[in-house]
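Dear colleague,

I am handing over the structure below, and after it you will find notes on what turned up. Please read them with the structure open beside you.

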Amino acid sequence: MPRDKKIKKIFEIADDGIQGVVGYFFYVLACKNAVNANSLLSKLPDKVIPITHEWSRYYNPHDLIDIMNSLFNPYHARICLISTISIFEGALKNFIERLLDANKIKQSPKNSYKKKLEWIFREVLKSNYGTATMIARIPELCLHIDHARRIRNLWMHNNGLFDEHYKKDGILLPKYSPIIDVSYKNKKPVIIKPEWFLAMCHSHIELLHQIHYQLQKKYFGQKKSYSYKELKKRIEWHRLLTGV
């Protein structure tokens, strides 16, 4: 049977979107490393930054440059991870809506990202897509996606500080425990490294491919895998960054 076109479209939009974030991540990092402080200073607002349609605040451009120099890598990784998670979360919502519309499932998981992840983890853990190492890695991918969700929640709801809810809110998988950062015991701020962001990004993209394959196979009878190579699909940055 042919792939469901709507499921495929949802997958491709999310896949392209997250890869666009990866391209943006490397581009901005390269720009930061290439620019010098004097050139940067000339491009910043002079003394005043608008913060609403009517209000502005005074600031020292040198202070902004100094703090960005010290925190750029983790903050850049943070913003990119939030974007990645948002794209992935949107794809899950759209997958579920498509399955409901096609009468493939009878009801939606409760309206929270965690509940949607619990549902899709149950689905994707049955996947046999890819190499033996890819299949064996599926539980690890799920743990990564859940850990990224809980880290995102700390930034959104607890000023980026570890708390007990971070530990208690993990999704349980058969034979696996949720990932817990050792820093949570000291309630330190969440600081992530660029390489950690990239690992999480890789996991989101890889699990997205597993999800697409499993949904097409289980609900639409398509057993043929999706292949960049077979489709001769090169990276089209304009489309990834604009959608067109």
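Helices here are DSSP runs of H or I with at least four residues, and strands are runs of E with at least two, numbered from the N terminus. This is a predicted model, in which local features need pLDDT of at least 70 and side-chain atom pairs count only at pLDDT 80 or more, while totals for chains, interfaces and linings use all residues. Residues are numbered from 1 along each chain as its sequence is written, and side-chain values use heavy atoms, with hydrogens and water left out.

To begin with the largest pocket: a pocket is an open set of points on a 1 Å grid over the protein atoms alone where a 1.4 Å probe fits, with protein on both sides within 12 Å along at least five of seven lines, and its lining residues have an atom within 4 Å of a point. The space in the largest pocket is about 380 Å³, taken as the space filled by probe spheres set on grid points that are joined across faces, edges and corners. Its lining has 17 residues, and Val28, Lys32, Leu40, Met68 and Phe72 are the ones nearest the centre. Helices H1 (5-34), H2 (37-43) and H3 (61-101) each supply at least two lining residues, and H3 gives the most, with 8 residues.

Helix H1 also holds aspartate 16, which counts as buried at 10% relative accessibility (buried means under 20% relative accessible area, exposed over 50% and partly exposed in between, with a 1.4 Å probe and protein chains only). Leaving aside neighbours within four places in sequence, aspartate 16 is in contact, that is, has heavy atoms within 4.5 Å, with Lys233, Arg239 and Leu240.

Which rings pair up around tyrosine 166? Rings of Phe, Tyr and Trp (its six-membered ring) pair if their centres lie within 6.5 Å, and planes under 30 degrees apart count as stacked, over 60 as edge-to-face and the rest as tilted. The whole structure has 5 aromatic pairs. One of them joins phenylalanine 162 to tyrosine 166 edge-to-face, at 4.9 Å centre to centre and 70° between the planes. Tyrosine 166 also forms a tilted pair with tyrosine 184, at 6.2 Å and 45°; because tyrosine 166 lies in helix H7 (residues 164-168) and tyrosine 184 in the loop between H7 and helix H8 (194-220), this pair ties together parts that are 18 residues apart in sequence. Phenylalanine 162 is buried at 3%, tyrosine 166 at 2% and tyrosine 184 at 8%.

With kind regards
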